[in-house]
Amino acid sequence: MEKADILDEQAMARAITRIAHEIIERNKGIDDIILVGIKTRGAFIAKRLAEKVEKIEGKAIKTGELDITLYRDDLSVKNTNNEPLVQQVDISHSIEGQKVVLVDDVLYTGRTVRAAMDAVMDIGRPAQIQLAVLIDRGHRELPIRSDYVGKNIPTSSNERIVVEMKESDGKDRVAIHE
């Protein structure tokens with residue numbers, strides 16, 4: 001059951017624009033940065049961030065995608081170590097010595113981000129890994145924090161954050177469900 005709307009289309013666009021500016025400012029440009037979206041919605045957000053950055057900077061930023069299984073009991077496919085299975089990596093640029101900005105829709109326990117960091121480290125050794133999320137809802141189980149946040153939304157453990165995006169859902173919005 002839906003409890004409350006958090007972000008509408010305009011608020012989501014503003015949050016993505018703000019994150020794009022923060023990434024550019026913090027890194028003093030985009031020359032050594034690769035945006036890596038965690039599929040599915042993180043990849044959509046990374047694509048939108050890349051478009052905003054290109055408008056701001058006048059040049060394209062390097063991008064890539066990671067496809068790891070969501071770390072939810074009802075959707076997970078796990079390897080023998082009971083960790084999320086990395087299914088596909090689509091990063092055509094070398095990450096050696098680069099600043100990798102992982103992008104996801106919701107930061108919750110931190111397990112998905114940890115799996116994505118492991119996947120990045122298997123590819124190469126970046127100079128730094130940063131994290132950009134549209135929504136940070138708290139309840140971390142691992143010591144992971146986001147560097148760039150669209151919106152912090154404190155939630156209870158029985159609530160869910162539902163992110164809808166035009167690319168997959170036909171509309172842009174974020175809501176809390178019970």
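1. Start with arginine 48: in this predicted model, its relative accessibility is 15%, so it counts as buried, the cut-off being under 20%. Glutamate 167 comes out as partly exposed, at 41% relative accessibility.

2. Now look at helix α2 itself. It runs over residues 41-57, and at 1.5 Å a residue its 17 residues should span 24 Å; the end C-alpha atoms are 24 Å apart, so the two values agree. Just after α2, glycine 58 has a positive phi of about 80°.

3. Next, arginine 173, which is buried at 16% relative accessibility. Its side chain meets glutamate 2 in a salt bridge, at 2.5 Å from N to O. Here strand β9 (arginine 173) is linked to strand β1 (glutamate 2), 171 residues apart. Glutamate 2 is partly exposed, at 37%.

4. Arginine 173 also forms a salt bridge with aspartate 5, the closest N and O atoms being 2.6 Å apart. Aspartate 5 lies in β1 and arginine 173 in β9, so this pair ties together parts 168 residues apart in sequence. Aspartate 5 counts as exposed, at 54%.

5. Glu2, Asp5 and Arg173 belong to a salt-bridge network together with Glu164. Across the whole structure, a search finds 17 salt bridges.

Key:
Residues numbered from 1 in each chain as written. Predicted model: local features only at pLDDT ≥ 70, side-chain atom pairs only at ≥ 80, totals over all residues. Heavy atoms only, no water. Helix = DSSP H or I, 4+ residues; strand = E, 2+ residues; numbered from the N terminus. Expected span 1.5 Å × (residues − 1). Salt bridge = Lys/Arg side-chain N within 4 Å of Asp/Glu carboxyl O. Buried < 20%, exposed > 50% of the residue type's maximum accessible area, 1.4 Å probe, protein only.
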